[in-house]
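I set out to record, entry by entry, what I looked up in this structure.

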Amino acid sequence: MSVLAAHTLTKVAEIDAHEGPVYVAEEDALYFTTVPRDLRVAIKRLSLATGAVEVVRAEANMANGMTLAPDGRLLVCEQGTHVTRACIAAIDRTTGDAETLVEAPFGLPLNSPNDVVVKSDGTIWFTDPSYGFLQGFRPTPSHGDFVWRFDPSTGHATVVAADFDKPNGLAFSPDESVVYIGDSGANHEAGSFDPRRPHHIRRFDVADSRLVNDRLFAVTTPGFPDGIKVDPDGHVYASSFTGVQIFDVTGELRDEISLPGAINFTFGGAERNTLFITTDTAVWAAKGA
């Protein structure tokens, strides 16, 4: 199940693929967002069997990270613009129809949601850094750069972490007792990097709806963590300037998939031992032994 140590890296498709990606097993397909251009982002589907690409939603409100909802829809971080609100939306994979789930906690608009995961109890956890404001396409933030938990059964959103510089990727451990959250504060304006600001992953214990026992898990070098995933053995995968770094449960760097430009990734394939990686210009596959 792990891509650790033994893997082969191949290019799956030369394509405009930025964030997501989301693997859907019954379709053997990847869903992903395109590179933002002139405040336009689309959500597309790549068939891994045929290589065919389809547009799921042509205008996706500056969509960023995505995951699969329990009902099969895509849960999408819509960053918004100066004229459209940021939100977490559920998008039908067939029709492209969207339903807004989280838009204005406490009556105030979100900043620019970045990444999202779903816990087995159905709660939705997401990061909301102010990158949209820093990059000029969102208004002045109304919230801090928070990590949120949204409970669809109650409609309530609560802040679970409030002291990140720029919270980014997040992922639960296999038993959901731990959550890993990346801080990419070293990157502010597009293309910037300040090593004095955070470029690390923090680890929290999950206590029902709260996060406790915060500690440093690993520092990403070179670069800063963007996408984060955890495999069934508990290894933590995080993108960096040089590729995808793989850490053991103690935070020790064990391996790296060398792929400069790696943005985000997801596990897929029949045995879930393939890591599909987006790089803005292509989708790559790192297949484990």
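I began with a term: two strands pair if DSSP finds at least two bridges between them. Strands (E, at least two residues) and helices (H or I, at least four) are DSSP runs, numbered from the N terminus.

I noted that this is a predicted model, in which local features need pLDDT of at least 70 and side-chain atom pairs count only at pLDDT 80 or more, while totals for chains, interfaces and linings use all residues. Residues are numbered from 1 along each chain as its sequence is written, and side-chain values use heavy atoms, with hydrogens and water left out.

**Entry 1: the whole protein**

I found one helix and 24 strands in the protein. I then looked up the radius of gyration, which is taken over C-alpha atoms; the globule rule is 2.2 Å times the number of residues to the power 0.38. For 289 residues a compact globule would have a value near 19 Å, and the protein, with 17 Å, agrees with this. The C-alpha trace spans about 50 × 40 × 40 Å along its principal axes.

I recorded that 57% of the 289 residues count as buried (under 20% relative accessible area; exposed is over 50% and partly exposed in between, with a 1.4 Å probe and protein chains only).

**Entry 2: strand E23**

Which strands does E23 pair with? I found that E23 joins strand E24 (residues 283–288) through five bridges, and the two run antiparallel. Strand E22 (residues 264–268) also pairs with E23 in the antiparallel sense, over five bridges.

I located Phe276 opposite Ala285 in E24, and Phe265 opposite Ile277 in E23. E23 and E24 form a hairpin with four residues between them, and Asp280 in that turn has a positive phi of about 80°. The hairpin of E22 and E23 has five residues between the strands, and its turn holds Gly269, with a positive phi of about 85°.

In a regular strand the side chains alternate between the two faces of the sheet.

**Entry 3: two single residues**

Thr67 lies in strand E6 (residues 63–68). Thr67 is buried, with a relative accessible area of 18%.
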